[in-house]
Each structure stands twice: as C-alpha cells, then as structure tokens.
Amino acid sequence: MVIKKRQILWDWTNTGGDGHPGVPDKINQVPFGGNSPVASVVNWNTWVPPELKDRAPFRPMVRVLESTKGGEWAQIQNSKYPIILYFNEPERANISPEQARDIWYGQMLPLRKNKGKQLGSPAVASDENGRKWIEKFMSLVSKDPPDFLCLHYYSKNANDAIKYIQDMHNKWPKHKVMVTEIACIDRNYQAVVNFTVHICNWLDSQNWVFEYGLFDFQRKVADGFVSPAAQLMDANGNFTELGKMYVHQQPMKAPGVAANAFISLNAIEENDSQVEVSDDAKAGEPLSHEPNGETAEAPEATENGGLVQFSIAAALGPDQQKALDIHNNKRKGKGLKPLAWDNQLAKNAENYAKHLAQIGKLQHSSGDQRPNQGENLAWASSSNTPLAMSANLWIAEEKNYHGEPIGQGDFGSYGHYTQCMWKLTTKLGMGSAKDAKGGVYVIGRYSPPGNFTGQKPY
C-alpha cells in the first residue's frame with residue numbers, strides 16, 4: 001500500500017502567463033494515481049493550475065493580505081477543495097498575530113463553519129521570530145484552532161529537521177502536521193540526497209504527519225538561500241534525479257545509503273464478492289487481495305493435554321517473545337484471547353522477508369502464497385529488535401481506529417492494528433531479513449486472517 005503524503009509544490013511560473021511562458025505539460029511527469037505517493041498540489045495561490053486537470057487535490061492558499069480581498073478571496077470562497085491553507089511566513093510579510101487572528105475569525109472560520117472546509121495554520125519560518133509568531137497566534141485562536149499545523153524547515157541536517165518538527169507537534173499534539181516547505185540547503189549534492197531520503201522516509205512513517213512538500217518544482221533557483229543542488233526541476237522543466245526520486249520512490253533510497261525510517265504495509269481480506277478494491281487503491285482505501293468468499297473461523301484449541309492445533313515454539317528468542325508479548329498485552333486489554341506463536345508461520349514470514357530483501361521493496365504476497373494467512377509488512381533502516389519494533393509500530397495505530405467496519409475511514413492508518421487485534425486470529429509468526437544496504441524487512445503472518453471488509457476486529 002502506497003503512503004500518499006507528498007505534495008507537489010508546483011511553482012506558479014510553470015503554468016505560465018503574461019511575460020513568463022510556462023511549461024504546463026511538464027506536470028505530466030508526476031505519476032498521479034493510486035500507486036503514486038503524491039497526495040496533492042500546491043502553488044501558493046488561490047487559483048488552480050489548469051494543467052492539473054483534477055488528477056490530485058489542490059490546496060488553495062490565502063498566502064498574503066491581498067489574498068483575503070477581491071477576486072482572490074472569491075476564488076477561496078468558491079473553491080471545491082476541502083482544505084484551505086492560511087498565510088505563508090506572515091512574520092516576514094509584516095502581518096501580526098493579531099491581524100491574522102482577526103482575519104481568522106472574520107473570514108477563515110466561516111469557511112469551516114458554513115462550508116465544511118478544513119483549515120491549515122499560518123506556516124512560519126523555523127527561526128526564533130517564526131516560532132514566537134506561531135505561538136502567539138495559536139494562543140489567540142485557542143478556542144477555534146486550525147485543523148492542521150503547517151510548518152516550514154530548511155537546514156543541512158535531517159536530524160535537526162526531525163527534532164524541530166517533532167517539538168512543534170509536541171506543543172500542539174492534537175493537530176495533524178503539514179510540512180508545507182522543507183529542503184536541504186547544503187550545496188553538496190550527496191548531502192542533499194541523504195537529507196532528502198532521511199526526512200521523506202521519516203515523514204512517511206509518522207501517522208500524525210498529514211502531508212509534506214519538498215521545495216520545489218520550478219525551473220530556476222528561488223533565491224540565494226535555496227541550494228541549487230536541491231532543485232527538483234532543471235531549466236527546461238524536466239525533473240531532476242532528486243525530483244524523480246521524490247515522486248516515484250517509496251521508501252526512498254540513496255545509492256549506498258540506508259534511509260533512517262520505518263515504513264509499513266498491511267493487507268486486507270475481502271469476504272464480500274460485491275466489494276472490489278484494486279491494487280491501485282486511492283489513499284485511505286485498502287489494498288486488496290484474493291477474495292476469501294467466507295468468514296474465517298478460529299480453530300479450537302483444547303486444554304489439559306488435549307490436541308492443540310498450533311505448532312508452538314517451545315522457546316522463543318528475545319525479539320520473538322517481545323513481539324508476541326506486545327500483541328498479547330494489547331489483546332488482553334481488549335478482552336481478546338492471546339495469540340500463540342507458530343513456527344511454520346514464522347518460517348514462511350522469514351522466507352518472504354528474504355524475498356523482499358532481494359527485490360528491495362515492500363509488496364504484499366499474493367493470496368495463494370499465504371493461504372488463510374493475514375500479513376503485515378514493515379521496513380526499517382536498521383534495528384536490533386526488528387520484530388518488537390514492528391509490533392510496536394503496528395499496535396500504535398490504535399489511536400487511528402474508531403470502531404468503523406474494515407474498509408471505512410482511513411484504513412491505511414489503522415489496518416496493521418486491526419489485524420493484530422482480530423478476534424478470530426489465533427496464531428502469529430514473524431520473520432525478518434536484511435538487504436545488502438542494512439535495511440530490515442519485517443513480515444508478520446496471522447492465522448486465521450483478519451481485516452475482512454465490512455467487519456470489525458472485536
């Protein structure tokens with residue numbers, strides 16, 4: 001399943017206009033569709049690039065004070081798109097937090113109350129002035145806060161970027177984050193690639209990050225601050241190697257470098273022949289496999305010396321035991337029966353992990369490769385306890401599940417959790433394998449499988 005979070009920051013000059021011929025056809029290099037990590041398009045304006053042709057959602061922006069007036073404001077009011085972004089680095093445009101608050105209550109909030117729009121916060125620079133500005137603004141609108149916390153970040157160090165984004169999220173943990181501009185400013189190309197791979201994979205792996213945009217797709221370097229080595233487009237409008245990586249690769253991998261990230265995939269089972277979900281499912285829709293045709297029934301296990309239908313491991317390794325305990329501690333809290341470790345499932349999982357390590361990408365096995373088995377997948381740059389780390393990651397999706405039947409809501413954000421917690425699942429086996437660059441592929445196999453469309457886990 002593709003994680004769709006990446007914004008295309010499509011500079012307005014690409015569209016073209018008076019005195020600046022554009023390259024609108026170059027947007028066709030973006031692989032729009034279910035298999036693409038691209039989620040939306042932004043051009044820092046209220047108007048939609050006509051070359052987009054509704055192939056992805058557009059995020060109109062009330063960028064400056066002028067955007068709150070006249071024809072630009074009319075475009076915002078008439079927008080069909082569900083998310084509206086607010087001021088872009090207002091602290092540098094001499095817009096005070098108090099001004100922004102007044103416009104927020106006078107113009108922005110009615111968009112939410114009357115038209116059902118979701119609203120992004122102003123996006124400030126990550127310097128001291130920017131931080132002080134957004135803290136003041138958020139305090140002024142605390143009774144009617146934005147739906148998304150929008151952030152910018154530029155530096156040479158991906159770990160610094162992660163720390164800043166995490167710290168800002170911790171200040172306002174109830175808000176999903178949109179990193180609407182981020183890039184490496186190092187002039188060394190390899191350093192830029194390493195930064196980009198690291199940060200994109202990390203952002204993809206954080207459930208509280210809604211979307212993010214790598215700066216940016218335009219034919220010239222925006223200013224002296226931006227690194228020429230970080231350009232996503234060349235002078236003719238063709239995507240650079242970095243631009244191609246951004247729109248195509250997930251997880252992103254730099255040659256010879258293992259990205260510091262954790263990526264997961266989850267399989268869904270279908271038991272209703274009327275439900276059809278293709279492998280090109282859109283964001284929030286489940287990844288499909290062969291229909292089972294009927295609901296799985298859990299096998300009975302008898303006690304006191306009776307026949308037990310599991311090939312249970314007599315002694316598990318520390319990582320195996322920890323992963324099993326993580327599953328069962330959470331299941332116990334929901335009143336569900338514990339899972340038993342199954343050696344055959346674990347062997348199957350390890351064999352498939354070795355296959356993924358060889359081909360170098362996450363993809364689910366076919367239904368006939370794992371009959372009557374559910375499957376969770378994960379990838380990490382490195383880990384000494386990959387099974388436990390994966391189990392924790394999957395279980396952490398509990399916060400995204402709100403009791404809906406499988407296939408409804410944002411399945412992509414909770415499907416690992418519901419497989420772990422499926423009431424009729426009784427057996428678990430997990431395996432892992434490293435690729436040539438040190439990345440770890442982790443497979444969880446569950447029997448009987450869970451995530452049946454239209455059903456609930458418990």
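The buried residues of α4 are covered by elements that include α3 (97–115), β5 and α5 (158–171). This packing is taken from a predicted model. Helix α4 itself runs over residues 128–140 and has 13 residues. Its span from first C-alpha to last is 19 Å, close to the 18 Å expected at 1.5 Å a residue. Five names make up its buried set: G130, W133, I134, F137 and M138. Seen down the helix axis, these buried residues fall within an arc of 125 degrees, so they line one face of α4. An α-helix has 3.6 residues a turn, so residues three or four places apart point the same way. On the other side of α4, N129 and K132 are exposed.

The overall content is as follows. The protein has eleven helices and twelve strands. Of its 458 residues, 55% are buried. Contacts between residues at least 6 apart in sequence were also examined, and 73% of these join residues at least 24 apart.

Strand β5, part of the cover of α4, also belongs to an open sheet of five strands. The strand order in this sheet is β2-β1-β7-β6-β5, and the pairing is parallel. Strands β2 (38–42) and β5 (148–155) form the edges, each pairing on one side only. Neighbouring strands are turned by 25 degrees against each other on average, direction ignored. The partner of β5 is β6 (residues 176–184), and the two pair in the parallel sense over eight bridges. Within this pair, Y154 stands opposite A183 of β6. Helix α6 (residues 189–205) packs on the sheet and touches β1 (6–10), β5, β6 and β7 (209–217). The direction of α6 makes about 175 degrees with that of β6.

Strand β7 pairs with two neighbours in the sheet. With β6, the parallel pairing extends over four bridges. There, V179 has Y212 in β7 as its bridge partner. With β1, the parallel pairing likewise runs over four bridges. W10 stands opposite F217 in β7. Eight of the nine residues of β7 are buried, so this strand is largely enclosed by the rest of the structure.

F148 and V177 are 29 residues apart in sequence, yet their C-alpha atoms are 5.5 Å apart in space. Leaving aside residues up to four places away in sequence, F148 touches I83, Q118, L119, G120, S121, K176, M178 and F210.

A further buried site is found in a loop. D435 lies between β11 (427–434) and β12 (440–447). At 13% relative accessibility, D435 counts as buried. Its side chain makes two approaches to backbone nitrogens. One reaches the backbone nitrogen of G438 at 2.9 Å. For G439, the backbone nitrogen lies 2.7 Å from a polar atom of the D435 side chain. Residues up to four places away in sequence not counted, D435 touches K253, A357, W379 and Y441.

Several backbone values call for comment. Most residues other than glycine have a negative phi, and most peptide bonds are trans. Two cis bonds are described here. The peptide bond from F215 to D216 is cis, with omega near -25 degrees. D216 is placed in strand β7, the strand that is largely enclosed by the rest of the structure. S447 and P448 are also joined by a cis peptide bond, with omega about -15 degrees. P448 is found in the segment after β12.

E89 is not a glycine, but its phi is about 45 degrees. This residue lies in the loop between β3 (83–84) and α3. E89 is buried, with a relative accessible area of 15%. For N451, also a residue other than glycine, phi is near 60 degrees. N451 lies in the segment after β12. At 0% relative accessibility, N451 counts as buried.

Methods:
Residues numbered from 1 in each chain as written. Predicted model: local features only at pLDDT ≥ 70, side-chain atom pairs only at ≥ 80, totals over all residues. Heavy atoms only, no water. Pairing = 2+ DSSP bridges. Axes fitted to C-alpha atoms, helices over the stretch in contact; angles between N-to-C directions. Contact = heavy atoms within 4.5 Å. Expected span 1.5 Å × (residues − 1). Buried < 20%, exposed > 50% of the residue type's maximum accessible area, 1.4 Å probe, protein only. Arc of directions from axis to C-beta. Polar contact = N/O pair within 3.5 Å; in protein donor to acceptor, adjacent residues only side chain to side chain.
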